[in-house]
Amino acid sequence: MPLRAAPDTPEAVPPRTGPQLAEARRIRAVEILDQGRPQAQVARMLGVTSESVRRWQRQMEQGGVAALRHHPPTVRPRKLTDEQVEQIRVALEGAP
């Protein structure tokens, strides 16, 4: 079902995905830490563990905001060619 735009806005903004929400939480945690709040308080505010807040702070110190961004998982390269996959499919669909 397509998103509908609100009457006063030109386009609707799609909802954030899980990884986007997690990234926003990490960045928000570091912003709050920069305001001088203790790690335990930041953790309570965001509903995460203090260890997560410590890890995010360490990542920020070592790699900047880029270290807090979502990185898609790496995928192993395929070992079979398309032709080999097709040969297996044909063999499996054949008579026993």
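A salt bridge is counted here when a side-chain nitrogen of Lys or Arg lies within 4 Å of a carboxyl oxygen of Asp or Glu. By this rule, the count comes to seven salt bridges. The model is a predicted one, and what follows should be read with that in mind.

**Overall build**

The protein chain has four helices and zero strands, and from the N terminus on its elements run α-α-α-α. Of the 96 residues in the protein chain, buried residues make up 14%, while the accessible surface comes to about 8,000 Å², of which 56% belongs to carbon and sulfur atoms. Among the contacts with a separation of 6 or more, 31% are accounted for by residues 24 or more positions apart.

Helix H1, which covers residues 18-34, has 17 residues and reaches 25 Å from its first C-alpha to its last, close to the 24 Å expected at 1.5 Å a residue. After H1 comes glycine 36, whose phi is positive, near 95°. Within H1, the residues Glu23, Arg26, Ile27, Ala29, Val30, Ile32 and Leu33 are buried, and the buried residues of this helix pack against helix H2 (39-46) and helix H3 (50-63).

Which residues make up the largest nonpolar core? This core has 10 residues in all, namely Ile27, Ala29, Val30, Ile32, Leu33, Val42, Ala43, Val53, Trp56 and Leu68. H1, H2 and H3 each supply at least two residues of this core, and H1 gives the most to it, with five residues. In soluble globular proteins, nonpolar side chains tend to be buried together. Valine 30 is in contact with Trp56, Met60 and Leu68, leaving aside its neighbours within four places in sequence.

Not counting residues up to four places away in sequence, glutamate 23 touches Leu68, Arg69 and His70.

**Salt bridges on the chain**

| Salt bridge | N to O distance |
|---|---|
| Glutamate 51 and arginine 54 | 3.2 Å |
| Aspartate 82 and arginine 78 | 2.9 Å |
| Arginine 89 and glutamate 93 | 2.6 Å |

Glutamate 51 and arginine 54 are separated by about one helical turn, because they are three residues apart in helix H3. Glutamate 51 is partly exposed at 36% relative accessibility, and arginine 54 is likewise partly exposed, at 34%. Together with Arg58, Glu51 and Arg54 are linked in a network of salt bridges.

Aspartate 82 counts as exposed, at 57% relative accessibility, and arginine 78 is exposed with a relative accessible area of 57%. Arginine 89 and glutamate 93 both lie in helix H4, four residues apart, about one turn of the helix; arginine 89 is partly exposed at 36%, whereas glutamate 93 is exposed at 56%.

**A nonpolar patch on the surface**

Leu80, Val85, Ile88 and Leu92 form a nonpolar patch on the surface, and together they have about 370 Å² of accessible area. Isoleucine 88 lies in helix H4, residues 82-93. Isoleucine 88 counts as partly exposed because its relative accessible area is 42%, a value between the 20% and 50% cut-offs.

How values were computed. Residues numbered from 1 in each chain as written. Predicted model: local features only at pLDDT ≥ 70, side-chain atom pairs only at ≥ 80, totals over all residues. Heavy atoms only, no water. Patch = residues over 30% accessible without salt bridge, like charges linked within 9 Å, V, L, I, M, F, W, Y side chains within 5 Å. Areas by Shrake-Rupley, 256 points an atom, 1.4 Å probe, with all protein chains shown as cover. Buried < 20%, exposed > 50% of the residue type's maximum accessible area, 1.4 Å probe, protein only. Contact = heavy atoms within 4.5 Å. Expected span 1.5 Å × (residues − 1). Core = buried A, V, L, I, M, F, W, Y, C linked by side-chain atoms within 4.5 Å.
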